[in-house]
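Visitor: I am new to this structure and would like to learn how to read it. Please take me through a few of its features in turn.

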Amino acid sequence: MDYLDEMSLVDGPFFWTILGTGISGAIYLLWRRSLRWVLAIASAFVIAIAVVGVAHWLLVNVLLVFPEDLPGDVLVWSVIALAALALFLFRLKGSPWHGKLLGTASVLAVVLLCALQVNRYFGLNHTVADLLGHNVAQIPELEPELRKRGPGAPTSPTPPGGEGLVRRAAIPGPTSGFNAREAFVYLPPAYFKADRGRFPVLVLFAGQPGRPADWLTGGMLEPTMNSFAANNGGMAPVVVVVDPNGSDTRNTMCMDSRIARAESYLAVDVPQWIRSNLHVSPDARKWAVGGFSFGATCAMQMVTLHPETYSAFIAFSAEREPSLGPDRNRTVDMAFGGDIAAFDALTPLNVMKRRGFSGHAGVIAVGGADGEFTAFATELAEAAREAGFDLKHAVVGGAGHSWAVALQELPGAMDFLAARWGLAR
């Protein structure tokens, strides 16, 4: 079972076996020497393109599952999977039993290949355990002895290997009334030493759709933080991965609006819980917030609206502004009853135009192949610099709108903020 859990979904024998069988399955489904079958192939792709196009439009513009259009790579692989299914259905008529069996195996191989390619693009699940949630499910609750009880160190022993550990915890919303899913807490190795100081804080948000656990799988948070701690004498920030939405598909835009009081939860309830339960620094200069995609936009909102609570942001593949979908008017109608001024007053670009942020810092990173998000990153970076942020702006060559950006740039972001936290050697 351990071997299966550790099986890679992005490289290695399993991935390449699926790649080979998927290509073989596609060749089988495509191969027939007749003009009629050429027309059938064309029809299958026309049908697939139409179905994917309509489904994509509904998900983005009607159901508001995604705030932005899905990447082109994802749409292409979706079309290929549906076209393979259509071709399989075309071949069923008149096929002998062994032909139907071979066709079934072929279409399954193609669909599995397409699914692996979509997963590889987003970089969310690296192993079977990530996909099935086995590792995340085994994370225990934050023990009472790890919580703040006074000036001394936790009474529990240092984790094996001198590395940090991850725990789960429910963070209530007494001020906001917000009902969040469980958060994840990373405690660095030095957290267990009696002579440690109070720790910097990094609050993280995942994308949307998404969940806090995405930072543990796609973002590989624990090994990245352990590596940073190893280079800094066991010191690293206490990291709290928080839920701003309440479900995989809900979108609060991290605002206090008709949808939810998410801003109050993230700016009041979460910091209060962290200060009350964990050994962390009370100095706002040692508090940062970060995220990927939707979460990156949320991070910039928190710092620009609450600079007295969070002094730095890490924004990987941020949106230009909070959004429920492409129709800005619909976003404003649903969240603020059509009050554009109320919405504009809360967006990072507008906040940075009307106030300065000298003494604050930010990291903006984006994939070089991420279409309009590269333009968003440039506009946000220019506005942040003009507002006085000490800014680092990075572009990850070849990466799309994927967790590869966070995976590659989080170590550099940590080094950039280390001096502010007093951790740089």
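Guide: This is a predicted model. Start with one side chain: Arg167 has a relative accessibility of 15%, so Arg167 counts as buried, the cut-off for buried being under 20%.

Visitor: Which side chain does Arg167 meet in a salt bridge?

Guide: To read a salt bridge, look at the two partners and the distance between nitrogen and oxygen. The side chain of Arg167 meets that of Glu143, at 3.0 Å from N to O. Arg167 is in strand E1, residues 165-169, and Glu143 is in the loop between helix H7 (134-137) and E1, so the pair ties together parts that are 24 residues apart in sequence.

Visitor: How many salt bridges does the count come to?

Guide: The count comes to 10 salt bridges. A salt bridge can also be part of a network: Arg320, Glu321, Arg328, Asp344 and Glu379 are linked in this way.

Visitor: What does Arg181 meet in a salt bridge?

Guide: Arg181 meets Asp243 at 3.0 Å, N to O. Arg181 belongs to the loop between E1 and strand E2 (183-187), and Asp243 to the loop between strand E4 (238-241) and helix H10 (262-277), so this bridge ties together parts that are 62 residues apart in sequence. The side chain of Arg181 also meets that of Asp248, at 2.5 Å from N to O. Asp248 is in the loop between E4 and H10, so this pair ties together parts that are 67 residues apart in sequence.

Visitor: Is Asp243 buried or exposed?

Guide: Asp243 has 1% relative accessibility and counts as buried. Arg181, at 22%, counts as partly exposed, and Asp248, at 26%, counts as partly exposed.

Visitor: How should I read a helix such as H3?

Guide: Begin with its span, then ask which residues are covered. H3 runs over residues 35-62, which is 28 residues, and reaches 39 Å from its first C-alpha to its last, close to the 40 Å expected. Its buried residues are Trp37, Ala40, Ile41, Ala44, Ala48, Val52, His56 and Val60. They pack against helix H2 (12-30) and helix H4 (72-92). After H3 comes Leu64, with a positive phi near 60°.

Visitor: Which residues make the nonpolar surface patch?

Guide: Ile47, Val51, Leu82, Leu85, Leu89 and Phe90 make a nonpolar surface patch of about 470 Å². H3 and H4 are the elements that give two or more residues to this patch, and H4 gives the most, with 4 residues. Val51 lies in H3 and is partly exposed, with a relative accessible area of 41%.

Visitor: What radius of gyration does the protein have?

Guide: Compare the value with the one for a compact globule. For 425 residues that would be near 22 Å, and the protein has 24 Å, which agrees. Its C-alpha atoms fill a box of roughly 80 × 55 × 40 Å along the principal axes.

Visitor: What does the secondary structure come to?

Guide: The protein has 16 helices and 8 strands. Of its 425 residues, 54% count as buried. The protein exposes about 18400 Å², of which carbon and sulfur atoms supply 60%. Finally, take the contacts between residues at least 6 apart in sequence: 77% of them join residues at least 24 apart.

Definitions and conventions: Residues are numbered from 1 along each chain as its sequence is written. This is a predicted model: local features need pLDDT of at least 70, side-chain atom pairs count only at pLDDT 80 or more; totals for chains, interfaces and linings use all residues. Side-chain values use heavy atoms; hydrogens and water are left out. The expected span of a helix is 1.5 Å times one less than its number of residues. Buried means under 20% relative accessible area, exposed over 50%, partly exposed in between (1.4 Å probe, protein chains only). Contact means heavy atoms within 4.5 Å. Patches are made of residues with over 30% relative accessible area and no salt bridge: like charges are joined within 9 Å, nonpolar side chains (Val, Leu, Ile, Met, Phe, Trp, Tyr) within 5 Å. Accessible areas come from the Shrake-Rupley method with a 1.4 Å probe; for residues, only the protein chains shown count as cover. A salt bridge is a side-chain nitrogen of Lys or Arg within 4 Å of a carboxyl oxygen of Asp or Glu. The radius of gyration is taken over C-alpha atoms; the globule rule is 2.2 Å times the number of residues to the power 0.38.
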